[in-house]
Amino acid sequence: MALTIGVDVGGTKIAYGVVDEHGAIIERGLRHSPAGSPEKMALTIADAVTELAARHSVEAVGIGAAGFVDETRSIIRFAPNLAWREEPLREKVGELVGLPVVVENDANAMAWGEYRFGAGRGESHVVCVTVGTGIGGGIVLGGELYRGRWGMGAELGHMQAVPGGRACGCGNSGCWERYASGSALLMEARDNAQADPAGAAHLLRLGGGSAEGIQGEHVTEAARQGDRAALAAFESLARWLAQGLADMAAVLDPGCFIIGGGVSGAADLFVDRVREEFAARLTGRGHRPLAEIRVAEMGPSAGLVGAGDLARFR
Ligand SMILES: [Zn+2]
């Protein structure tokens, strides 16, 4: 049985595990992420890998990391939330562990995990949209992960949805993720609560009486209680998501979209609306098959499993 190790590196923790060829995690572990130090990061990853490799016969290591990874799957050019700049992570970890290593963008790894073993099973053209604080994405076309010429493809959240719109951390304004992410949902809910306090009774109570006190989980909870302001925020999220998916369908024509990330935990509150709005906005609608819009199935494990599985393709 061919085993690999998948590592999912985030800003606060590193999740890692031994992955088999069916996407099952044989053994897993979790460590604190030394996000501020590239040297400690490489050592921590190598230490975790060495620990598992001592107990399992593994053939390769796949590391999924939140950053821009070059097309040779070796160097992290830049990571917004980690200290990596032109970091040769593949070489560093490879030398320390004595195994072949590949590095992938974390959203690509997640998309691959869902495509191979989760909601995308059986499809060959899949677009995975990770809706969390921002929007990440991964694209599988004809059964291959699409990375782009320089490895920078599928940064879906930074398509410009609104010229001159809300400022984005990437330096541009009006990016899709400023309207269709978890942060956008929260902002919308706070704005709604301020504009219409009478329709935001649940939200404001959960927020301790003020719009600023409202947190992300409050929006979901209030929406489930029928809070008008919270429901309106989800309606806005659904419309913006649908518009982005329709735009991507115009370019990529996938068989299915997968919605993952933290916000997908509340998918029952918005995914049906996304499907309706998508069908209403799709170019050529009525004369083409409708891509399915599915909810991610693998949760936070998708990145780890996807990174491990991608290590098989070297
Ligand atoms: Zn942006």
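**Close-up 1. Trp112, Tyr115 and Phe313 come together as one aromatic cluster.** This is a predicted model in which local features need pLDDT of at least 70 and side-chain atom pairs count only at pLDDT 80 or more, while totals for chains, interfaces and linings use all residues. Residues are numbered from 1 along each chain as its sequence is written, and side-chain values use heavy atoms, with hydrogens and water left out. Rings of Phe, Tyr and Trp (the six-membered ring for Trp) pair if their centres lie within 6.5 Å; planes under 30 degrees apart are called stacked, over 60 edge-to-face, and the rest tilted. By this rule the count comes to six aromatic pairs. One of them is Trp112 with Tyr115, a tilted pair at 5.0 Å centre to centre and 55° between the planes. Both residues sit in helix H3 (residues 106–117), three residues apart, or about one turn of the helix. Helices here are DSSP runs of H or I with at least four residues, strands are runs of E with at least two, and both are numbered from the N terminus. Buried means under 20% relative accessible area, exposed means over 50%, and partly exposed is in between (1.4 Å probe, protein chains only).

**Close-up 2. Phe234 and Phe270 make a stacked pair, because their ring centres are 6.1 Å apart and their planes meet at 15°.** Phe234 belongs to helix H8 (residues 228–252) and Phe270 to the loop between strand E12 (256–260) and helix H9 (271–281), so the pair ties together parts that are 36 residues apart in sequence. Phe234 is buried, with 2% relative accessibility. Phe270 is buried as well, at 1%.

**Close-up 3. Strand E12 has five of its five residues buried, so the rest of the structure largely encloses it.** Both faces are covered: Cys256, Ile258 and Gly260 are buried on one side, and Phe257 and Ile259 on the other. In a regular strand the side chains alternate between the two faces of the sheet. Which strands pair with E12? Strand E9 (residues 126–131) runs parallel to E12 and is joined to it by five bridges; look for Val127 standing opposite Phe257. Strand E13 (residues 292–295) also pairs with E12 in the parallel sense, over four bridges, and there Arg294 is the bridge partner of Ile258. Two strands are said to pair if DSSP finds at least two bridges between them.

**Close-up 4. Four protein donors hold the zinc ion: His158 (ND1), Cys168 (SG), Cys170 (SG) and Cys175 (SG).** Donors are N, O and S atoms within 2.8 Å of the metal (3.2 Å for Na, K and Ca); water is not among the atoms, so sites may look incomplete. The angles between the four donor atoms run from 107 to 117°, which makes the arrangement tetrahedral; for four donors, that word asks for all angles between 85 and 135 degrees. Along the chain, the donors follow the spacing H-x9-C-x1-C-x4-C. Cys168 is buried at 9% relative accessibility, whereas Cys170 is partly exposed at 39%.

**Close-up 5. Tyr179 lies in helix H4 (residues 177–180).** This residue is buried, with 8% relative accessibility. What does Tyr179 touch, leaving out residues up to four places away in sequence? The list is Val162, Gly165, Arg166, Gly174, Ala184, Leu237 and Trp240. A contact means heavy atoms within 4.5 Å.

**Close-up 6. Helix H1 (residues 38–53) has 16 residues and reaches 22 Å from first C-alpha to last.** That is close to the 22 Å expected, where the expected span is 1.5 Å times one less than the number of residues. Its buried residues are Met41, Ala42, Thr44, Ile45, Ala46, Ala48, Val49 and Leu52. Their cover includes strands E1 (3–9), E2 (13–19), E3 (25–32) and E4 (58–65), plus helix H2 (89–97).

**Close-up 7. Three strands form an open sheet in the order E5-E6-E7, with antiparallel pairing.** Strands E5 (68–69) and E7 (85–87) are at the edges with a single partner strand each, so one side of each has no neighbour in the sheet. Strand E6 (residues 76–78) pairs with E7 over two bridges, and Phe78 has Arg85 in E7 as its bridge partner.

Terms used: Four donors count as tetrahedral if all angles lie between 85 and 135 degrees; four count as square planar and six as octahedral if opposite donors are over 155 degrees apart and all others between 65 and 115; anything else is irregular.
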